[in-house]
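Here are a few notes for a colleague who has not seen this entry before. Please read them with the model open.

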Amino acid sequence: MKFFIDTADVDEIRGLAPSGFLDGVTTNPSLVSQTGRDFREVLEEICGLVSGPVSAEVTATDPAGMLAEAETLAAVADNIVIKVPLTWDGLAACRQLADRGIGVNVTLCFSAAQALLAAKAGASFVSPFVGRLDDIGQSGMELIADIRTIYDNYPALATEILVASIRHPMHVVEAARLGAEVCTIPPAVLKRLAGHPLTDKGLEAFLADWSKTGQSILEG
Ligand code: G3P
């Protein structure tokens with residue numbers, strides 16, 4: 001499974017890059033707004049830090065406007081993937097961008113029917129928002145399972161499932177169990193994946209016992 005980081009905070013990305021876990025980055029207008037910075041400048045910096053796909057979202061809602069914005073965003077770096085909303089017009093833009101060889105991430109997906117359309121429109125990625133479905137009492141992971149089944153029924157569909165709106169480590173674990181290709185993870189959740197209280201407790205005990213030996217590994 002690939003891990004993308006879901007943030008437009010360049011400092012966060014710079015800090016996490018040495019971990020080797022960053023296979024890509026996703027941004028959206030809300031995340032860019034939180035930075036208070038120029039979008040294209042932020043994208044340039046992110047693409048300088050990460051060689052994998054970096055999703056940049058259009059804000060026009062008509063196909064012509066989306067295509068014009070996509071052209072500007074795609075010019076920032078070779079690894080930019082254009083994010084379009086899962087609307088009728090977004091799907092039309094997706095088809096045209098895909099036909100031009102530009103990678104597209106179709107975002108704001110909340111149903112299996114939408115995911116099927118995204119794949120037929122040539123999307124490189126579809127982004128189902130699991131947390132937001134859970135928020136309204138629907139199962140985000142049931143949607144991932146449905147999309148997995150549908151895509152597996154038609155191997156010619158090349159779209160990767162990019163699980164988004166991840167809120168906690170179990171979203172990542174469940175997405176991996178279901179075979180989603182990508183999770184885009186907020187920085188705080190990525191760090192929480194490594195944590196377990198028994199790890200902390202066990203390490204504390206090991207170090208306490210080690211100190212009783214009076215030894216140092218480096219000094220023999
Ligand atoms: O990638 C989409 C994601 O950022 C949405 O997350 O937590 O705002 O639902 P959230």
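How far is an oxygen atom of the ligand from an N or O atom in the side chain of Ser165?

1. The distance is 2.6 Å, taken from an oxygen atom of the ligand to an N or O atom in the Ser165 side chain. Please keep in mind that this is a predicted model.

2. Two other side chains deserve a look. For Asp6, a side-chain N or O atom is 2.6 Å from an oxygen atom of the ligand. For Arg132, an oxygen atom of the ligand and a side-chain N or O atom are also 2.6 Å apart. On its own the ligand has 310 Å² of accessible area, and the protein covers 81% of that.

3. Around the ligand are Asp6, Asn28, Phe129, Arg132, Ala164, Ser165, Arg167 and Thr184. By class, the shell has three charged, three polar and two nonpolar residues.

4. Where does the ligand sit? Its place is the largest pocket, whose volume is about 250 Å³. This pocket is lined by 18 residues, and those closest to its centre are Asp6, Asn28, Leu31, Arg132 and Ser165. Of these, Asp6, Asn28, Arg132 and Ser165 also belong to the residues that surround the ligand.

5. The make-up of the lining is the last point. Eight residues of the lining of the largest pocket are polar, six are nonpolar and four are charged.

Note on methods. Residues numbered from 1 in each chain as written. Predicted model: local features only at pLDDT ≥ 70, side-chain atom pairs only at ≥ 80, totals over all residues. Heavy atoms only, no water. Near = heavy atom within 4 Å. Polar contact = N/O pair within 3.5 Å; in protein donor to acceptor, adjacent residues only side chain to side chain. Areas by Shrake-Rupley, 256 points an atom, 1.4 Å probe, with all protein chains shown as cover. 1 Å grid on protein atoms, 1.4 Å probe; cavity = no way out; pocket = protein on both sides within 12 Å on 5 of 7 lines; lining within 4 Å. Sits in = over half its atoms within 2 Å of the grid points. Nonpolar A, V, L, I, M, F, W, Y, C, P; charged D, E, K, R; others polar. Points joined across faces, edges and corners; volume = space filled by probe spheres on them.
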